[in-house]
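Me: I would like to go through this model by question and answer, starting with how its parts are arranged.

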Amino acid sequence: MRRRILYWSWHYLLISLYVLFAVFPLYWLTKVALTPNDLLYSEGIRLWPSRTSLEHFRFVLTHSDFPLFFRNSLIVSCTTAVAVTLIAGACGYGLSRFRFRGKPVLVALMLITQMFPLVMLVAPMFRLLAPLGLTNSLTGLVIVYSAFNAPFATFLMQSFFDAIPKELEEAAMIDGATRFGAFRRIILPLTLPGMAATGGFVFTAAWSELLFALMLNSSPQASTFPVGLLSFVSKFSVDFGQMMAAGVLALIPACVFFLLIQRYLVRGLTAGAVKG
Amino acid sequence: MGVGHDQGETEPEVTAARRRIANGAEPYVYTAPVLILIIAVLLVPLSVGLSYAFRDIQLLDPYSGGFVGFDHFRELKADPSIRAALRNTLIWTGVSVTLQFIFGLILALLLNREFPGRRLVQALVFVPWAVPTFLVGLDWAWLFNPVVGPLPGWMFALKMTRDTNNLLADPGTALIGPIVAAIWWGIPFFAITSLAALQSIPKDLYEAASIDGAGTFRQFRSITLPLLAPTIAITILLRTVWVANFADLIVVMTNGGPADSTQTVASYIFTVAFRRLDFGYASSIAAVLLALLLVYALAILSLRRLFVQRQW
Amino acid sequence: MRAALWLAFAALGLSLAPSARAATTLKLVEVITSPERTETLKTIIKTFEDANPDVRVEVTSLPWGPSFEKFATMVAAGDTPDVVEMPDLWLALYANNGALESLEPYLKTWEYTRELNQRTLQLARVIRNTAYMLPYGFYLRALYYNKKMFAAAGVSAPPKTLDEFVAVSKKISSLPGRYGYCLRGGSGGVNSWLMFGALGSGSDAFFNADGTSTFTDAGWVKGFNALAEIYKSGLAPKDSVNWGYNDVVAGFYSGTCAMIDNDPDALIAIGERMKPDDFGVAPWIKGPSGKSFPTIGYTGWSMFANSKHKELAWKLIATLDGVAGNQTWNRRIGVLPIYTAAAKDPLYTDPRFKGWFDELSDPDVVPMLMPTDLRAWALFGGSIVPRTSQSLLLGQITALEMAQQWASVMTKARQSQK
């Protein structure tokens with residue numbers, strides 16, 4: 001009995017530490033966003049300012065281009081998430097169900113694309129996309145982000161499919177269905193949690209990407225919100241209060257989305273891990 | 001499965017051949033979109049980028065572009081900054097990934113047990129992953145700043161530091177800042193994947209072991225770890241590769257300083273490419289990094305295969 | 001018959017219709033971006049668009065932090081604007097690569113050219129004595145000091161010489177948690193290092209007649225060492241080894257350090273957060289030679305050589321830098337004027353600008369122009385100086401060793417550019 005109490009005390013202590021560690025920096029972000037400018041430095045270390053103000057949030061929402069950037073980020077991230085889930089789903093299914101000669105080559109190629117520092121891809125990619133009119137456009141970003149995320153998304157989807165026995169669609173095919181028909185009517189509904197999880201992962205990755213959003217696009221019409229955050233750093237002052245307020249606003253959808261899908265992620269990966 | 005076989009033998013040859021071809025092509029149909037996308041958008045620029053390593057590419061000089069063979073690699077060998085950057089990269093990658101893994105695994109073990117409020121806790125501790133890395137760097141830089149952040153005061157009060165100066169200003173301790181930020185951000189990744197793997201281990205294995213009298217630690221060592229090993233190998237591989245290439249946090253928090261004490265190979269590539277505007281030299285460094293990571297990947301994969309073969 | 005009539009009407013109608021004027025679009029890129037500047041810029045541009053009804057100006061505002069690499073990437077990929085805001089630090093890179101258009105022919109016929117002050121034309125022509133940009137204003141360093149902190153430490157007046165500066169810093173640093181000098185150890189610190197170095201050397205000559213660098217001369221080394229000593233003896237915050245522009249200004253207005261060397265545009269940020277009675281601006285300190293060498297910088301507008309609308313691009317520059325446009329601009333930006341007559345503008349008779357105008361009228365103050373004509377200057381100032389100066393501040397190398405590294409880079413840069 002005593003051992004159980006000891007165990008659970010440690011358990012709750014550690015859990016609390018983890019939660020504190022995870023949440024405190026976000027709490028601090030919010031605290032800075034709510035601190036009026038004149039108290040930002042003089043009361044910097046306090047856990048809560050003596051006077052809070054919504055001035056930063058108000059400014060970000062009404063005076064900057066932030067709503068536009070937010071909308072652009074939403075468009076790019078959702079489109080990328082949907083597109084990648086579809087093609088990674090197809091590719092993951094192919095890798096899961098078939099054994100074919102090109103398979104190790106494909107896997108190696110996908111692995112290699114993850115290994116090169118993205119910084120070096122900026123210049124060649126700009127040169128590639130500019131003549132196609134894909135720079136300074138949201139479409140260009142969607143294409144680039146899809147390429148970045150496809151390999152890992154494929155890996156995820158493959159493990160979800162591995163968890164579903166091949167026999168299911170083979171039984172359907174014997175009964176006369178095409179493979180694709182079986183896929184659509186039987187397998188797909190079973191992997192919906194997995195697809196939600198993959199979509200969520202990709203959404204989060206696309207939502208926070210900065211380097212390519214900055215380098216490939218220049219006009220406000222094509223800028224996403226991380227680029228917008230940078231605009232609060234001018235040569236003359238870093239408006240930390242406003243930047244943190246913008247950051248908090250941008251975090252909300254990403255966090256909400258992630259909170260919703262993380263449960264499916266664990267469940268989906270669990271099933272996949274059974275097959276190893 | 002058995003009943004269908006007779007049908008194949010009675011079908012005419014043409015249809016059988018067509019089906020074979022269709023089957024042969026089928027996997028490619030499914031994998032084509034991803035393949036085309038990554039070849040067109042990633043592999044083409046990657047090869048172009050790698051080719052820069054053998055040419056003189058000055059970003060703003062339209063007349064540069066001549067072939068220089070292995071000159072850049074020779075320059076690389078003689079470059080004193082590279083050695084320091086390599087050392088920092090080893091420390092940065094090794095410490096970040098190891099600690100992310102350990103803390104992530106512990107968290108996963110804690111979450112593997114049912115307890116009241118588990119759902120909420122799970123959601124909260126996974127949130128750091130959703131924060132853009134630029135913001136992560138800025139946030140932690142503020143936390144470590146003695147004027148506006150609480151950490152220097154607390155660390156001094158806990159006798160962890162000798163004074164309340166900024167960690168990031170001392171070359172001996174500056175790398176700790178980005179490492180802590182990276183750990184904060186990266187724990188969810190390991191926690192999620194480890195938790196998934198843990199939950200797939202059949203509970204009866206543990207029950208059987210308990211009946212045999214094995215304690216928690218023994219169970220962990222003989223059941224959990226070996227079954228987790230394949231997942232661990234892949235996630236560590238992926239994470240190491242990402243972290244090694246990851247310059248964002250360092251550039252935002254310390255810009256490689258002070259005095260290059262936090263400069264890693266990835267951030268050095270950024271400096272050479274975008275400050276010196278020398279894309280040729282930067283590409284050669286990137287090529288070397290890529291080669292090192294490939295060697296590392298092969299090592300991990302062969303180790304994993306060895307391990308898996310030994311188990312079963 | 002009727003058909004012919006209709007055809008005739010149609011033909012008449014077509015010939016009478018005004019020819020469809022295709023609207024020309026000019027592209028302008030601003031790089032030192034802030035919400036207020038963009039707003040002011042758009043106001044001036046509107047006057048240009050009103051005067052030229054079929055021209056539209058497309059403004060791209062780059063965030064300042066990554067603006068250097070972002071603009072370089074754009075230019076390298078062929079995405080060039082017609083007009084760009086050109087900082088002095090970048091000028092050599094673009095002008096020496098043939099990217100910029102010479103403005104000389106336009107200046108010859110411009111109505112306002114003779115009203116520009118001497119310095120404007122001199123600085124416009126640093127590259128091969130040709131105007132590749134037209135400055136909109138100047139940055140001149142001066143000494144900002146915190147009157148409240150001075151009073152608390154018993155200091156009555158701002159220091160006039162290097163020795164007084166150190167003494168005042170010591171007094172202020174003896175107050176707990178306070179420091180004398182906001183040192184800029186991170187990016188952009190090159191100005192401060194050169195100012196202190198020149199104090200020791202007594203001259204602003206960066207090169208000998210044969211093109212070798214003077215940095216290893218005893219005077220320069222003494223000056224560099226003086227600044228390093230200020231940090232090492234704790235007269236500047238320990239954190240300042242990493243400080244950039246925003247950090248030093250924040251350090252000043254948050255009351256962490258009492259003195260800062262900075263340009264007139266910092267008045268905006270400081271003025272917003274400090275009461276006018278709490279701070280003052282004095283001329284920069286003089287060295288043992290009796291002379292002072294505050295750095296002078298400039299930013300302006302340049303035209304790209306591959307612009308397809310050169311005449312219009314010049315008209316845009318002329319609007320931005322004309323007397324009316326420049327006045328509107330500088331009112332918001334707060335740099336020193338390019339027009340001789342502007343010194344009488346009510347903006348500049350404000351007591352806060354007194355420090356700078358005192359400097360400009362003092363014969364012992366020599367505004368020091370940095371070697372911005374060197375192609376390697378951007379790399380030197382942006383990367384080599386922060387790294388090596390940080391090593392010096394942290395005690396990893398000596399002032400002489402740092403000077404030697406600088407000298408070898410500078411000598412090579414000068415001689416390879418001949």
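Me: How many Å separate the centres of domain 1 of chain C and domain 2 of chain C?
Reply: This is a predicted model, in which local features need pLDDT of at least 70, side-chain atom pairs count only at pLDDT 80 or more, and totals for chains, interfaces and linings use all residues. Residues are numbered from 1 along each chain as its sequence is written, while chains are lettered from A and ligands numbered from 1 in the order in which they are written. Domain 1 of chain C covers 24-139 + 297-354 and domain 2 covers 142-293 + 374-416, with bounds from an automatic or database domain assignment. Taken over C-alpha atoms, the centres of the two are separated by 29 Å.

Me: Which helix gives the most to the side of domain 1 of chain C that touches domain 2 of chain C?
Reply: The contact (C-beta atoms, placed from the backbone, within 7 Å) takes 12 residues from domain 1 of chain C and 11 residues from domain 2 of chain C. With four residues, the top contributor on the domain 1 side is helix 4 (residues 88-95) of chain C; helices are DSSP runs of H or I, at least four residues, and strands runs of E, at least two, numbered from the N terminus.

Me: What is the bridge partner of C:Val29 in strand 2 of chain C?
Reply: Strand 1 (residues 24-30) and strand 2 (residues 55-61) of chain C pair in the parallel sense over seven bridges, where pairing requires at least two bridges found by DSSP. In strand 2 of chain C, C:Val29 is bridged to C:Thr60.

Notes:
Contact = placed C-beta atoms within 7 Å.
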